[in-house]
Structures are given as structure tokens and as C-alpha cells.
Amino acid sequence: MESWNSAKKILGHKYLALAFRLLLGATFIYAGVYKIGYAGEFAESIASYQIVPYWAVNILAIIFAWTELICGMLLVAGIRSKSAVTMIGVMLALFTAAMSITLIRGISTGCGCFSGVDAPMTWKAPARNIIWIAMAVHVYYFDSIFHLERIIFTGISEISHAIHSHLPDADLASHTRPRPGQQRTDRENQL
Amino acid sequence: MTERADKINPPPRGPQTGLEDLEKKAFYLETLLDTSRELADLVQPRQILDRFLLMVMGALGILQGVGAVINTETGHGLVTGRGIPDPALNEISDDIPRISKKYFPERGTSSGSAPRVKVITGDAITGQGLCSAHMQVLILSDLLPGRFSCLLALGERITGEPLGEQDKNVLLNLANILANSLSHAICFMDIQQMNADLLKKNAELEATIEEFGQTRQNLERRFFHIESLLDLNAELRSLINEDELLRLFLLASMGPIGIEKGFVLVYDREDRIAKTAYRGIENGKALHSQVCEMLLYSAFDKTEPKSLANMSFGRFNAPGIFKEAGIDLEPECGFFFVIDLACMGIAAFGPPVSGQSLSSNEMSLMAGQMSGFMAYLEKARAFSMIKKLNEDLTNRNEQLTHTVQELTRAMNRISALEKARAHFKLVVQKKAERAAKASWLDCALILFFAAAIGLLFNFAPQGISIIPESVKSDLPSTSAAQVRKLVDEGATIIVDARPKELYDRKHIRGAINVPLPLFDNLYTVKLGRLDPKRPIIVYGRTISRLYDVELANRLKKHDHEDVRVLPGGIRAWEAEGGQVE
């Protein structure tokens with residue numbers, strides 16, 4: 001039981017979540033940058049899956065590449081990290097599903113994950129994606145430190161408190177008193 | 001007197017008695033007449049008594065006689081006598097009260113009638129105790145009944161004969177004359193006394209009138225002083241300007257008394273402000289605060305009585321202090337006054353123009369004027385203070401209004417800041433809430449920005465076509481039956497445009513594989529020597545790629561005139577019964 005608690009504690013540790021977050025973010029930045037630079041190859045990779053209609057392949061290649069890059073950057077920076085990691089998870093799920101379908105259909109093609117000259121895709125690729133999805137889930141629930149967005153908000157909150165503390169008490173009392181029925185939320189108190 | 005002596009001593013009796021009686025009667029009548037004449041001019045009772053004794057004793061030949069006029073009210077009287085030694089007269093004088101009580105016991109019974117005369121002779125007077133036993137006749141008379149009485153006692157005759165009836169009648173008539181004369185004399189004396197009293201009363205009255213005149217003059221002066229005091233009060237009452245108050249005080253206080261020079265100083269010790277007024281003094285100037293304090297100290301030092309109580313003043317006599325201060329004034333009268341501990345002053349006046357010293361009334365007047373002046377000065381100072389307080393209050397009101405406006409502006413600003421802060425906090429809260437969980441909006445925004453940036457970036461030279469060119473192709477397509485017919489005729493070439501792994505898996509028999517990525521290399525080798533007019537059938541497409549269309553377009557670009565596409569691909573070919581490898 002104690003070992004389980006320790007394991008649970010380690011598994012849910014915030015620094016582990018930070019590591020996962022940075023790993024996922026960096027991976028997606030790398031993948032996105034490459035795909036942006038070689039959009040044609042990426043489009044071919046998408047086409048090789050034979051899932052997307054031909055008229056949507058190119059635009060999908062463009063949007064996917066930039067989405068990966070933006071989500072990776074947001075995740076690393078800790079800005080809208082929940083949304084970013086959610087999108088990364090969704091993309092990974094889509095990729096995993098596409099890979100699985102392609103593998104099941106027996107179509108031999110590269111993964112197209114990082115470059116257009118990958119070796120033929122095997123079941124390792126969707127398995128790897130599943131691991132990443134697990135990482136994304138971990139990040140979603142346990143990531144809580146080194147968020148640039150929170151640091152900025154904390155600074156803003158401090159400025160707000162500074163303004164609040166420099167106002168006269170009498171004026172504050174008349175202006176900051178909660179309206180009847182309006183209670184402060186925990187988030188307000190934290191801010 | 002010689003003739004009278006002869007009459008008193010008649011010739012001896014003889015035969016001619018009738019003639020003698022007549023002569024005696026004539027003698028007595030003449031005596032009565034002489035006595036009446038003698039006494040008529042006399043007004044002093046003592047003289048009347050003396051003259052009467054002389055006349056009676058001479059006419060009747062009597063050796064001794066004594067007379068007294070007695071005031072029966074007081075018991076005093078005067079006594080005179082003839083033929084009686086002075087000690088005896090003195091005894092009688094001392095015995096007057098007893099005699100009065102004895103012979104005139106009835107007092108205060110005034111009947112207003114003529115004097116009553118009673119003549120007592122012979123044994124009737126024996127034992128009366130008056131003088132000596134030699135007295136033969138006693139005459140009693142109430143001169144003024146209840147007030148004065150007269151008593152006359154006569155001794156024996158020289159001849160030793162007793163008084164006859166005729167003698168007694170004469171004596172009674174003489175006593176009546178005496179009584180009348182004494183009554184007249186007493187009345188005359190009363191009149192004289194009354195006249196003297198009247199004169200004395202007149203003198204007293206004149207003195208009183210003179211005193212009354214003096215008093216009236218004093219009262220008129222007092223009235224004038226009071227009137228001038230009232231005028232001063234009336235003039236000072238409406239004044240609120242201290243300078244004007246000082247000036248009018250000097251004018252109104254010096255005029256009634258006729259003083260030529262005057263000076264008044266009011267010094268505020270807190271603000272060190274001096275107000276002065278001069279009258280009749282040349283080169284009157286404003287005084288420095290040090291000079292004012294020196295004057296005040298010098299004056300207070302000489303003031304009697306010394307008092308620093310509020311609204312008090314005292315008179316001082318300090319000649320020379322004004323000369324030291326450069327003021328041409330030698331004060332005849334000076335006052336040191338205290339309005340309160342913060343405000344003191346002195347008022348000094350020179351001698352009157354008349355050259356006389358100030359009287360006590362004038363000093364009282366000046367003291368009264370000082371009291372009024374101090375009261376109005378206090379009122380003026382109070383008014384000045386109220387005015388100053390009002391001005392201060394007005395200024396403070398303006399400042400307060402300004403402050404209230406500032407506060408209102410500040411409150412508005414604070415309110416705006418609070419609203420902004422609340423709005424800002426709400427935004428931050430929303431942002432924080434959004435950061436705390438995934439949101440569809442964020443995902444949509446990420447996709448939107450990714451698409452926007454990607455499309456913009458795709459304009460770069462290495463960008464790819466967003467819409468595939470194959471979509472816009474107008475290449476002619478053909479059916480599997482026609483293709484089979486052409487293949488059977490041997491007039492066409494079939495090209496498989498798919499990737500090699502798909503080609504290797506299955507393709508139309510005789511088809512040449514030219515994957516698009518290798519087109520440039522394979523075209524020269526496999527299709528470069530073909531007749532441009534020979535029909536070429538291209539097939540091979542997936543859901544994601546129209547390889548056939550793209551390859552056909554390229555062949556078109558290499559001047560192949562008859563390039564056709566088999567849209568159905570291998571599936572249509574096999575359905576038509578074509579062979580595959």
C-alpha cells in the first residue's frame with residue numbers, strides 16, 4: 001500500500017508532468033518545423049494513407065504542420081497548455097487511428113511523422129503515439145508549474161493588488177464591497 | 001428835674017386844703033403826663049423800668065424801688081432798682097424763677113386783652129418775701145399774658161406817710177402806663193428780634209441762592225458734560241473702524257473741555273500692530289512697536305491704581321515720556337487702559353486752552369469718555385475679529401469647496417479605477433479559468449492561427465498548391481472498353497502513374513510504370529522516343545491522389561497530343577475483362 005502511494009505520488013508529480021510537457025512540446029515543435037519546411041513531402045505522406053480526399057490533402061498538410069508547431073510552442077511555454085495538450089492528444093489520436101487503419105488495410109507507407117523518407121510504417125508507430133497520448137493525459141491533469149501564462153497573470157494580479165492597497169480604505173470599502181448575493185470565488189481569492 | 005423835685009416835695013399843708021388837693025391832682029396829672037412822655041420814647045425794658053422808678057419815686061417821695069420784667073415761659077428776667085444795694089439786686093435776680101412761680105403762677109393763659117395791673121399795698125404784701133420788709137407797694141402786671149410779667153416793689157415814702165387813696169390811683173395809672181410801655185417795648189423788641197431774624201433769614205436765603213446758583217452752574221456743566229458724553233457715545237456707536245474711532249474719540253473728548261493737544265495709542269501685543277491718533281500735535285507719525293511698548297511700560301509704571309484686568313483703566317502722571325518718544329505733548333491728564341491682555345493703550349491730553357487745571361468734574365467726564373471709548377473700541381475690535389473670522393471662514397469654505405470638488409473628482413477617478421480593476425480582474429479571472437482547462441475557443445483559435453499563418457507562409461517559393469492542379473484538369477477521359485479496343489489494335493500505350501509498390505502489387509498487362517516523383521528520369525527512358533501523335537492512356541489514382549491526371553498533364557507538357565485518362569483504373573479494366581499482371 002505504501003509502495004502504491006509512493007508510486008502514485010511519483011506518477012502524479014508535477015515535475016514529471018513538466019518533463020512530459022517539455023518532451024511533447026519539443027517533439028511537436030520539431031515535427032512541425034520539419035513539415036512546414038517540407039510541406040510537399042508531408043502532403044505526400046498524408047496522401048499515402050489514402051484516407052483524406054485528394055482536394056484536402058495539401059491544405060491539411062499546411063494546417064497540420066502549423067498546428068503542431070503552435071501547439072508545441074504553447075505547451076513548452078505553458079500558455080493555454082491545457083488546450084494545447086488537448087489538441088496534441090487529439091492529433092495523436094487521429095494519427096494513431098489513421099496509422100492503424102492504414103496498417104490494417106495493408107498499405108505500405110512511411111509514417112511521415114518527422115520526415116518523408118521514413119521506413120515503412122509498423123505497429124510501433126501507433127504504439128508510440130499511444131504512449132505520447134498517455135503523456136498528454138498526464139500533462140493535462142498534473143502539469144502545474146513553470147507556466148508563462150500564470151507568471152504573467154500573477155504579475156497582473158500583483159499590480160491589481162497594489163492598486164487596491166493604495167486606494168483609500170473608505171473608498172475601497174464603498175467600491176470593493178461585494179454586492180448582495182455575490183460571493184468571491186476561490187479563483188478571485190487566489191488572484 | 002429841679003421843677004419835678006419841687007413837685008415831688010409839695011409845700012406843707014395849711015388852711016387852704018382844697019387848693020392843695022387841686023394842686024396835688026394837677027401835680028399827679030402832670031406826673032402822669034411826664035411819665036407817659038418819658039416812657040414813650042424808650043424801647044428798652046430796663047430803661048423803661050429805670051425811668052419809671054425815677055418818675056414814680058420822685059413823684060411819691062419814695063426812697064427805695066425795685067422792678068423786674070420776667071419771662072414767665074423761661075423763668076428768666078431783668079431786675080433794676082433804685083436805693084437798693086447791688087447785692088440785694090443780685091439776690092433778687094437769682095430769685096426770679098421763684099418770684100415768677102409765686103406771683104405769676106398762671107402761664108399760658110393768653111386772653112389777648114390789655115395788660116392786667118394789680119397794686120398791692122399795706123399789710124397785703126407782708127410776708128410776700130420779696131426784697132425786704134420795707135416795701136409798701138407791690139405792683140403786679142401781666143404784660144403779655146403767658147409770656148412776660150412785670151413786678152414792681154416800692155419802699156416807704158420819705159415822709160413816712162402811707163399812700164393815700166389819691167396816691168394809689170396815681171400809682172395804678174402809672175403802673176398802667178408802665179405796663180403799656182413795657183408791653184410796647186417787648187413788642188418792639190419782638191419786632192426787632194423778628195426783624196433781626198428776618199435779616200438773618202434773608203442773609204441765609206441769599207447765601208442759599210448764591211449756593212443754588214453755584215450748584216446750578218455745576219449742574220449745567222455736568223449736563224453739558226453728560227451731553228457731550230452722550231454725543232461721543234452717539235458718534236462712536238456706529239463706528240467699526242478703529243482708526244476712525246480713535247480720531248473721533250480725540251475730537252469729541254477734547255472739544256467740550258477745551259484741550260488743544262491729544263494723543264491716543266492702541267497697541268495689539270500679539271500682532272505687534274499699533275494704531276495711533278493725534279490732534280493738535282505736529283508731525284504725528286506711526287510708532288514703531290518698540291516705542292509703543294516703551295510708552296506702555298512707562299505709562300503703566302506711573303498708573304494709579306495699577307490693574308491689568310480686562311476693560312480697566314487708570315490715570316497716570318508721567319511727564320516727559322512722550323518727549324522721549326518724539327511726540328510733542330506734555331500731558332495734563334493721561335489714561336492707561338487695558339481692553340484685554342492682548343490689547344492695551346494710552347490716551348493722553350494736554351492742558352486746556354484756558355490754562356487752568358482740569359477740575360474733578362472734567363476728570364470725571366474724561367473718565368466716562370474713556371469708559372465709553374473702551375467699550376466701543378472693544379466692540380470695534382470684536383467686529384474686526386468677526387470680520388477677520390468671516391474672511392477666514394469664507395477662505396476655508398472656498399478651500400473646502402475646492403477640496404470637496406477634488407475629492408469628488410478623486411472619488412470619480414477611484415470609482416473608474418475600481419470599475420476598471422473589477423473589469424480587469426474579471427478578464428484575468430476568465431483568462432485564468434480558460435488557462436486552467438481546455439476550451440473549444442482556444443482550440444478553434446489555435447486552428448485558426450495555424451491555418452492563417454500556414455496559408456500566409458505558403459506563399460513562399462517552396463509553398464505547395466493549396467488546391468491540386470488535377471482538380472482543374474480538362475483532360476479527355478476514356479472508358480475501359482475503348483481502352484481495350486485501342487490495346488487490341490496495338491495503337492496505344494498504357495502508363496501506370498501510381499507509386500511503384502502499388503504497380504508491383506497489380507497492374508494492367510503491358511502498362512509502363514512512371515511514378516510522378518521519378519517522371520523526369522523515366523520519361524526519357526521509357527517514353528521519350530514515342531511518336532507524339534500516338535495515343536497514351538494513363539491510369540492510377542487513389543482517394544488522396546489523382547496520379548493519372550497529374551501524369552497526363554505532364555505528358556501534355558511534353559507535346560504528346562493524344563493523352564487520355566482511364567478514371568476507373570484497374571477496377572474498370574478488370575470489369576471490362578482486361579488482363580492484369
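**Exercise 1. In this predicted model, determine which kind of side-chain interaction joins B:Glu304 and B:Lys306, and describe the surroundings of the pair.**

Solution. 
Step 1. The side chains of B:Glu304 and B:Lys306 form a salt bridge, with an N to O distance of 3.7 Å.
Step 2. B:Glu304 has a relative accessible area of 54%, so it is exposed. B:Lys306, at 42% relative accessibility, counts as partly exposed.
Step 3. The peptide bond that joins B:Glu304 to B:Pro305 is cis, with omega about -10°. B:Pro305 lies in the loop between strand S8 (303-304) and strand S9 (312-316) of chain B.
Step 4. The loop between S8 and S9 of chain B also holds B:Met311, whose phi is near 55°, a positive value in a residue other than glycine. B:Met311 is partly exposed because its relative accessible area is 31%.

**Exercise 2. Locate A:Phe146 in chain A and state whether it is buried or exposed.**

Solution. 
Step 1. A:Phe146 sits in the loop between helix H6 (124-142) and helix H7 (148-166) of chain A.
Step 2. Its relative accessible area is 54%, so A:Phe146 is exposed.
Step 3. Phi of A:Phe146 is near 55°, which is positive although the residue is not glycine.

**Exercise 3. For the salt bridges B:Lys24 to B:Asp167 and B:Glu574 to B:Lys506, find where the partners lie and how accessible they are.**

Solution. 
Step 1. In the salt bridge between B:Lys24 and B:Asp167, the closest N and O atoms are 3.9 Å apart. This pair links distant parts of the chain, 143 residues apart: B:Lys24 is in helix H2 (residues 17-40) of chain B and B:Asp167 in helix H6 (residues 165-237) of chain B.
Step 2. B:Lys24 is partly exposed because its relative accessibility is 25%. B:Asp167 has 2% relative accessibility and therefore counts as buried.
Step 3. The side chains of B:Glu574 and B:Lys506 meet in a salt bridge at 3.4 Å, N to O. Here too distant parts of the chain are linked, 68 residues apart: B:Glu574 belongs to helix H16 (residues 569-575) of chain B, and B:Lys506 to the loop between helix H13 (500-505) and strand S13 (512-513) of chain B.
Step 4. B:Glu574 is partly exposed at a relative accessible area of 34%, and B:Lys506 is partly exposed at 35% relative accessibility.
Step 5. One network, built from salt bridges that share partners, joins A:Glu44, B:Arg545 and B:Glu550. Over all chains, the search of the whole structure finds 25 salt bridges.

**Exercise 4. Characterise the interface of chain A and chain B by area, contacts and contributing helices.**

Solution. 
Step 1. The size of an interface is often given as the accessible area lost when the parts come together. Between chain A and chain B, the buried area is about 4,200 Å², and carbon and sulfur atoms give 68% of it.
Step 2. Contacts involve 48 residues of chain A and 43 residues of chain B.
Step 3. Eight residue pairs between chain A and chain B are in polar contact. The rule finds two salt bridges across the interface; B:Asp442 and A:Arg80 meet in a salt bridge at 3.2 Å, N to O.
Step 4. On the side of chain A that touches chain B, at least two residues each come from several helices, among them helix H3 (39-49), helix H4 (57-77) and helix H5 (81-105) of chain A. H4(A) supplies the largest share, 10 residues.
Step 5. Chain A itself has nine helices and zero strands. Of its 191 residues, 45% are buried.

How values were computed: Residues are numbered from 1 along each chain as its sequence is written. Chains are lettered from A and ligands numbered from 1 in the order in which they are written. This is a predicted model: local features need pLDDT of at least 70, side-chain atom pairs count only at pLDDT 80 or more; totals for chains, interfaces and linings use all residues. Side-chain values use heavy atoms; hydrogens and water are left out. Helices (H or I, at least four residues) and strands (E, at least two) are DSSP runs, numbered from the N terminus. Buried means under 20% relative accessible area, exposed over 50%, partly exposed in between (1.4 Å probe, protein chains only). Contact means heavy atoms within 4.5 Å. Buried area is the accessible area (1.4 Å probe) that two parts lose on being put together, summed over both. A salt bridge is a side-chain nitrogen of Lys or Arg within 4 Å of a carboxyl oxygen of Asp or Glu. A polar contact is a pair of N or O atoms within 3.5 Å; within protein, one must be able to donate a hydrogen and the other to accept it, and residues adjacent in sequence count only if both atoms are side-chain atoms.
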